[in-house]
Amino acid sequence: MKSIWSKVIIHVDMDAFFASVEQFHHPEWKGKPVIVGADPRQGKGRGVVSTASYEARKYGIHSAMPISKAYRLCPQGIYVVPHGNLYSDYSKRIIEILYHFTPAIEVVGIDEAFLDVSGCVHLFESAENLGKEIKKQIWDQIGLTASLGIAPNKSVAKIASDFKKPDGLTIVPTGKIQNFLDPLPITKLFGVGKKTWEALQNLGIHSVKDLRNYPDSYLESKFGEAGTHLYRMARGIDNREVHVNEEIKSISHETTFETDQVDSEVLRNTLLHLSAKVSQRLRKRNLRGKTIQFKIRFDDFTTFTRRKTLANYTHLTDDIYEIGKKMLEEFHPIHSDSGSERPVRLIGIGISHLVDEKGTQISLWDIQNEKKLALAKIVDQLQEKFGKSAIVHANTISLKKN
Ligand code: TTP
Ligand code: MG
């Protein structure tokens, strides 16, 4: 496999993700048009469609369409407002499954990820077997279908996962890239938005094959750097790596006060609360840490940090707090009676130099941590989509295995 393919990249994308989760929770909705998005209010609602089940797509309904229009197209549809926490749970569980196959995962959205399986594909004999196994595990353990694209690079893998949705598995080996891309409309290429599409249409370029008739220099003169990008995309050239989500090296919490604080007791109580949150997260993940870091920012935004390494690893609130308190005192003496302490804008406490329960150093490839970061990313995306209140903060989410 590796001798023919420079790399083996898989792009996984769940089918009609939010709508499929809703259908899974309401089996009576299976096979029916389900539209997740704003409340249509009998066609008078504002807002847009988040996604629609494949049954609803037959009516022409798609993501980002005004919900009022969707309602006109399919008044008998089942309309559901999004349940962000639920989708984030599913997302987390799906990513956990992917980590059974490789730690080289780049989570790029709530329902999609790239996997670099160059190093493990041989264990499954073929890319096809590996793809089938991933789909099977997602189906067996989650009850949802995913579409997969497998190719020597990210851009072709992504186009491939979209090729036979839903429940697709499309494999494009190196030698077949051009045949695969040529008949596709140029809109399938990464980076071809509405403007580029219009400009290309005006030049009579509709398919990838049409685009390939134009030399790099011509495309560059027309579109600048984007032209070179188009030239490469049309040929399936893409050297981008799968960017593995970075490890978590430390756990920390900080608070910015609503009004700047001079009261030592408030500062100490806040520090205690933050220390408790840090130690809680350590315990939840079965981790201990050795280096405590403290941060303080004053009203004029000058910021100081201090760190101290303990003799032993800890996950206890008291250990963290005691060190933090001493550091706080350095900047904000508790027994000062001068009354002239500088108002504090922010304090924070954290711990690094982490080991797991067996005392093993947390390494770059530590799968648990990879998962957690991936999850945090998803939570951030959900918050962007649904607002902060829709979901508990990443810091407070349980990261234990389900
Ligand atoms: P997508 O993967 O783009 O869409 P999808 O999974 O619903 O359907 P497909 O089978 O074509 O992959 O997006 C994933 C989820 O993100 C989707 O279920 C809902 C959400 N989303 C929005 O809320 N708004 C949007 O405009 C888009 C595109 C997605
Ligand atoms: Mg999807």
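A note before you start: residues are numbered from 1 along each chain as its sequence is written, while chains are lettered from A and ligands numbered from 1 in the order in which they are written. In this predicted model, local features need pLDDT of at least 70, side-chain atom pairs count only at pLDDT 80 or more, and totals for chains, interfaces and linings use all residues, with side-chain values based on heavy atoms and hydrogens and water left out.

**View 1. Strand β1 and its two partners.** Helices (H or I, at least four residues) and strands (E, at least two) are DSSP runs, numbered from the N terminus. Buried means under 20% relative accessible area, exposed over 50%, and partly exposed in between (1.4 Å probe, protein chains only). Ile9, His11 and Asp13 point one way, while Ile10, Val12 and Met14 point the other way. Two strands pair if DSSP finds at least two bridges between them. Here, 6 bridges join β1 to the antiparallel β7 (residues 146-151), where Ile150 stands opposite Ile10. Another 5 bridges join β1 to β6 (residues 112-116), also antiparallel, and there you can find Phe114 opposite His11.

**View 2. His83 in its loop.** Look for His83 between β4 (78-80) and α4 (84-99). His83 is partly exposed, with a relative accessible area of 36%. Val21 is 62 residues from His83 in sequence, yet their C-alpha atoms are 9.5 Å apart.

**View 3. Glu254 and its neighbours.** Glu254 belongs to strand β9 (residues 250-261) and is partly exposed, at 45% relative accessible area. Leaving aside residues up to four places away in sequence, Glu254 touches Leu274, Lys295, Leu346, Ile347 and Gly348, where contact means heavy atoms within 4.5 Å. With Lys295, there is a side-chain to side-chain polar contact of 3.0 Å.

**View 4. Confidence along the chain.** The predictor's confidence in each residue is its pLDDT, from 0 to 100. The protein chain has a mean pLDDT of 86, and 85% of its residues reach 70 or more. Over residues 362-370 the pLDDT is below 50, and residues 388-402 are also below 50. Where pLDDT is low, the predicted coordinates should not be read in detail.

Methods
A polar contact is a pair of N or O atoms within 3.5 Å; within protein, one must be able to donate a hydrogen and the other to accept it, and residues adjacent in sequence count only if both atoms are side-chain atoms.
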